[in-house]
Amino acid sequence: MDKGKSLDKPVVFLSASMPKVGRDPKFLKTADFTAIRDAVVGLINAIIPDFKMVWGGHPAITPIIANIFEKRGYKDEKLVTLYQSKFFTSVFPEEDKAFSNLVLTKIEQDPNGKDDMNLSLRLMRRKMIGENNIVAAIFIGGMEGILDEANIVKDLKPQAKLFPVASTGGASLEFYNDIIKDHDEFLDRELHYDMAYTSMFKTLLYSLK
(Lines give C-alpha, C1' and ligand atoms only; values in the text may rest on other atoms or scores of the structure.)
Protein backbone atom coordinates (compact mmCIF):
# COMPACT_ATOMS: atom_id res chain seq x y z
CA MET A 1 0.00 0.00 0.00
CA ASP A 2 1.26 3.44 -0.86
CA LYS A 3 1.92 5.11 2.49
CA GLY A 4 1.31 8.62 1.21
CA LYS A 5 -2.11 7.72 -0.08
CA SER A 6 -3.00 5.75 3.06
CA LEU A 7 -2.28 8.79 5.21
CA ASP A 8 -4.74 10.81 3.14
CA LYS A 9 -7.67 8.49 3.74
CA PRO A 10 -10.69 10.24 5.25
CA VAL A 11 -11.25 9.15 8.84
CA VAL A 12 -14.46 7.69 10.23
CA PHE A 13 -14.80 7.71 14.01
CA LEU A 14 -16.78 4.82 15.52
CA SER A 15 -18.41 5.27 18.91
CA ALA A 16 -20.06 2.00 19.95
CA SER A 17 -20.72 -0.27 22.90
CA MET A 18 -23.16 -2.84 24.24
CA PRO A 19 -25.35 -1.52 27.08
CA LYS A 20 -24.85 -3.40 30.34
CA VAL A 21 -26.99 -4.49 33.25
CA GLY A 22 -26.25 -2.26 36.23
CA ARG A 23 -25.89 0.90 34.18
CA ASP A 24 -28.67 3.33 33.26
CA PRO A 25 -31.58 0.99 32.38
CA LYS A 26 -32.95 3.31 29.70
CA PHE A 27 -30.07 2.34 27.40
CA LEU A 28 -30.49 -1.38 28.01
CA LYS A 29 -34.23 -1.15 27.46
CA THR A 30 -33.95 0.04 23.86
CA ALA A 31 -30.73 -1.74 22.82
CA ASP A 32 -30.87 -4.26 19.97
CA PHE A 33 -27.74 -6.34 20.47
CA THR A 34 -28.00 -8.14 17.14
CA ALA A 35 -28.39 -4.80 15.35
CA ILE A 36 -25.37 -3.37 17.19
CA ARG A 37 -23.19 -6.23 16.03
CA ASP A 38 -24.59 -6.14 12.49
CA ALA A 39 -24.06 -2.38 12.27
CA VAL A 40 -20.40 -2.68 13.31
CA VAL A 41 -19.86 -5.44 10.74
CA GLY A 42 -21.70 -3.42 8.10
CA LEU A 43 -19.58 -0.34 8.78
CA ILE A 44 -16.31 -2.23 8.35
CA ASN A 45 -17.55 -3.88 5.17
CA ALA A 46 -18.64 -0.50 3.80
CA ILE A 47 -15.55 1.59 4.47
CA ILE A 48 -12.48 -0.67 4.21
CA PRO A 49 -10.15 0.01 2.43
CA ASP A 50 -11.30 3.46 1.24
CA PHE A 51 -11.54 5.04 4.68
CA LYS A 52 -9.53 4.83 7.86
CA MET A 53 -11.44 4.04 11.06
CA VAL A 54 -10.65 5.17 14.61
CA TRP A 55 -12.34 3.88 17.75
CA GLY A 56 -11.89 3.58 21.50
CA GLY A 57 -11.47 -0.03 22.58
CA HIS A 58 -14.52 -1.69 24.12
CA PRO A 59 -14.50 -5.35 25.28
CA ALA A 60 -17.64 -6.15 23.28
CA ILE A 61 -16.78 -4.19 20.12
CA THR A 62 -13.06 -4.74 19.52
CA PRO A 63 -13.48 -8.55 19.20
CA ILE A 64 -16.10 -8.02 16.48
CA ILE A 65 -13.74 -5.78 14.52
CA ALA A 66 -10.79 -8.15 15.00
CA ASN A 67 -12.89 -11.07 13.75
CA ILE A 68 -13.86 -9.18 10.59
CA PHE A 69 -10.25 -8.28 9.86
CA GLU A 70 -9.18 -11.89 10.32
CA LYS A 71 -11.93 -13.27 8.08
CA ARG A 72 -11.39 -10.67 5.35
CA GLY A 73 -7.61 -10.90 5.51
CA TYR A 74 -7.28 -7.15 5.99
CA LYS A 75 -3.97 -5.71 7.13
CA ASP A 76 -4.73 -3.21 9.84
CA GLU A 77 -1.80 -0.85 9.27
CA LYS A 78 -3.13 2.51 8.03
CA LEU A 79 -6.70 1.18 7.98
CA VAL A 80 -7.63 1.46 11.65
CA THR A 81 -6.33 2.98 14.86
CA LEU A 82 -7.43 1.72 18.25
CA TYR A 83 -7.21 3.93 21.33
CA GLN A 84 -7.17 2.63 24.90
CA SER A 85 -6.62 4.28 28.26
CA LYS A 86 -3.97 2.62 30.44
CA PHE A 87 -6.50 2.88 33.28
CA PHE A 88 -8.13 -0.26 31.85
CA THR A 89 -4.94 -2.24 31.20
CA SER A 90 -6.07 -5.14 33.40
CA VAL A 91 -9.23 -5.69 31.35
CA PHE A 92 -7.98 -5.06 27.80
CA PRO A 93 -9.56 -7.67 25.48
CA GLU A 94 -7.12 -10.19 24.04
CA GLU A 95 -8.12 -8.99 20.56
CA ASP A 96 -6.26 -5.70 21.14
CA LYS A 97 -3.14 -7.63 20.14
CA ALA A 98 -4.54 -8.04 16.62
CA PHE A 99 -3.99 -4.34 15.91
CA SER A 100 -0.57 -2.81 15.41
CA ASN A 101 -1.90 0.75 15.51
CA LEU A 102 -2.76 0.80 19.21
CA VAL A 103 -2.49 4.14 21.01
CA LEU A 104 -2.30 3.99 24.80
CA THR A 105 -3.13 7.15 26.73
CA LYS A 106 -1.95 7.90 30.25
CA ILE A 107 -3.84 7.54 33.51
CA GLU A 108 -5.08 10.83 34.92
CA GLN A 109 -5.31 11.46 38.65
CA ASP A 110 -7.74 13.44 40.78
CA PRO A 111 -6.58 16.32 43.05
CA ASN A 112 -5.83 13.76 45.78
CA GLY A 113 -3.46 11.81 43.56
CA LYS A 114 -5.82 8.87 43.04
CA ASP A 115 -6.17 7.29 39.61
CA ASP A 116 -9.39 8.65 38.12
CA MET A 117 -11.38 6.66 35.55
CA ASN A 118 -13.50 9.54 34.26
CA LEU A 119 -10.56 11.90 33.82
CA SER A 120 -8.55 9.14 32.11
CA LEU A 121 -11.42 8.39 29.73
CA ARG A 122 -11.86 12.07 28.93
CA LEU A 123 -8.16 12.41 28.07
CA MET A 124 -8.28 9.34 25.83
CA ARG A 125 -11.41 10.53 24.05
CA ARG A 126 -10.12 14.03 23.43
CA LYS A 127 -6.82 12.70 22.03
CA MET A 128 -8.60 10.11 19.89
CA ILE A 129 -10.93 12.67 18.37
CA GLY A 130 -8.59 15.66 18.32
CA GLU A 131 -5.63 13.89 16.70
CA ASN A 132 -7.55 12.56 13.68
CA ASN A 133 -9.02 14.28 10.61
CA ILE A 134 -12.53 12.96 11.17
CA VAL A 135 -15.05 13.48 8.38
CA ALA A 136 -17.86 11.49 10.01
CA ALA A 137 -18.75 10.02 13.38
CA ILE A 138 -20.88 6.88 13.61
CA PHE A 139 -22.73 6.11 16.84
CA ILE A 140 -23.95 2.55 17.44
CA GLY A 141 -25.83 1.34 20.53
CA GLY A 142 -24.01 2.43 23.64
CA MET A 143 -24.46 4.14 26.99
CA GLU A 144 -23.34 7.41 28.54
CA GLY A 145 -19.96 7.26 26.78
CA ILE A 146 -21.67 7.65 23.40
CA LEU A 147 -23.12 10.98 24.49
CA ASP A 148 -19.78 12.09 25.98
CA GLU A 149 -17.97 11.28 22.73
CA ALA A 150 -20.65 13.00 20.66
CA ASN A 151 -20.13 16.20 22.64
CA ILE A 152 -16.36 16.00 22.15
CA VAL A 153 -16.79 15.52 18.39
CA LYS A 154 -19.07 18.55 18.25
CA ASP A 155 -16.48 20.54 20.21
CA LEU A 156 -13.27 19.48 18.46
CA LYS A 157 -14.51 18.47 14.98
CA PRO A 158 -17.57 20.63 14.29
CA GLN A 159 -17.26 19.96 10.54
CA ALA A 160 -17.73 16.19 10.99
CA LYS A 161 -21.05 14.63 9.96
CA LEU A 162 -22.86 12.91 12.83
CA PHE A 163 -24.70 9.65 12.16
CA PRO A 164 -26.36 8.10 15.24
CA VAL A 165 -27.80 4.75 14.13
CA ALA A 166 -31.20 4.82 15.82
CA SER A 167 -32.08 1.24 14.83
CA THR A 168 -29.40 -0.07 17.22
CA GLY A 169 -31.04 1.56 20.25
CA GLY A 170 -29.21 2.59 23.41
CA ALA A 171 -27.64 6.03 23.65
CA SER A 172 -27.46 6.26 19.86
CA LEU A 173 -31.26 6.29 19.74
CA GLU A 174 -31.33 9.07 22.33
CA PHE A 175 -28.75 11.11 20.40
CA TYR A 176 -30.67 10.51 17.16
CA ASN A 177 -33.86 11.80 18.77
CA ASP A 178 -32.01 14.99 19.72
CA ILE A 179 -30.38 15.82 16.39
CA ILE A 180 -32.07 13.90 13.55
CA LYS A 181 -35.71 13.03 14.28
CA ASP A 182 -38.14 15.53 12.75
CA HIS A 183 -35.19 17.46 11.26
CA ASP A 184 -34.00 15.40 8.26
CA GLU A 185 -36.38 13.08 6.41
CA PHE A 186 -33.62 11.31 4.46
CA LEU A 187 -31.43 10.61 7.49
CA ASP A 188 -34.49 9.62 9.50
CA ARG A 189 -35.26 6.95 6.94
CA GLU A 190 -31.69 5.70 6.71
CA LEU A 191 -30.71 5.76 10.38
CA HIS A 192 -33.98 4.62 11.90
CA TYR A 193 -35.35 2.10 9.44
CA ASP A 194 -32.61 0.85 7.10
CA MET A 195 -30.94 -2.21 8.64
CA ALA A 196 -29.04 -3.20 5.50
CA TYR A 197 -26.09 -1.56 7.16
CA THR A 198 -23.35 -2.03 4.57
CA SER A 199 -25.34 -0.33 1.81
CA MET A 200 -26.65 2.29 4.26
CA PHE A 201 -23.17 3.32 5.34
CA LYS A 202 -21.96 3.42 1.75
CA THR A 203 -24.84 5.76 0.90
CA LEU A 204 -24.06 8.04 3.84
CA LEU A 205 -20.27 8.08 3.69
CA TYR A 206 -19.11 7.87 0.10
CA SER A 207 -20.53 11.29 -0.71
CA LEU A 208 -18.09 12.68 1.89
CA LYS A 209 -14.90 11.44 0.16
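Start by selecting Phe139 and Phe175: both are buried (under 20% relative accessible area, with exposed over 50% and partly exposed in between, using a 1.4 Å probe and protein chains only). You're looking at a predicted model, where local features need pLDDT of at least 70, side-chain atom pairs count only at pLDDT 80 or more, and totals for chains, interfaces and linings use all residues. Residues are numbered from 1 along each chain as its sequence is written, and side-chain values use heavy atoms, leaving out hydrogens and water.

Next, the rings. The structure holds 7 aromatic pairs, meaning Phe, Tyr or Trp rings (six-membered ring for Trp) with centres within 6.5 Å; planes under 30 degrees apart are stacked, over 60 edge-to-face, the rest tilted. Pick Phe87 and Phe88: their centres sit 5.1 Å apart with planes at 70°, so this pair is edge-to-face. Phe87 is partly exposed at 28% relative accessible area, and Phe88 is partly exposed too, at 24%.

Now back to Phe139 and Phe175, with ring centres 5.1 Å apart and planes at 85°, so they are edge-to-face. This pair links distant parts of the chain, 36 residues apart: Phe139 in strand β5 (residues 134–141) and Phe175 in helix α7 (residues 170–179). Helices (H or I, at least four residues) and strands (E, at least two) are DSSP runs numbered from the N terminus.

Then select Trp55, Phe69, Tyr74 and Phe99, a cluster linked by ring pairs.

Last stop: Met200, in helix α9 (residues 197–205). Met200 is buried, at 0% relative accessibility. Leaving aside residues up to four places away in sequence, Met200 touches Val165, Glu190, Leu191 and Asp194 (heavy atoms within 4.5 Å).
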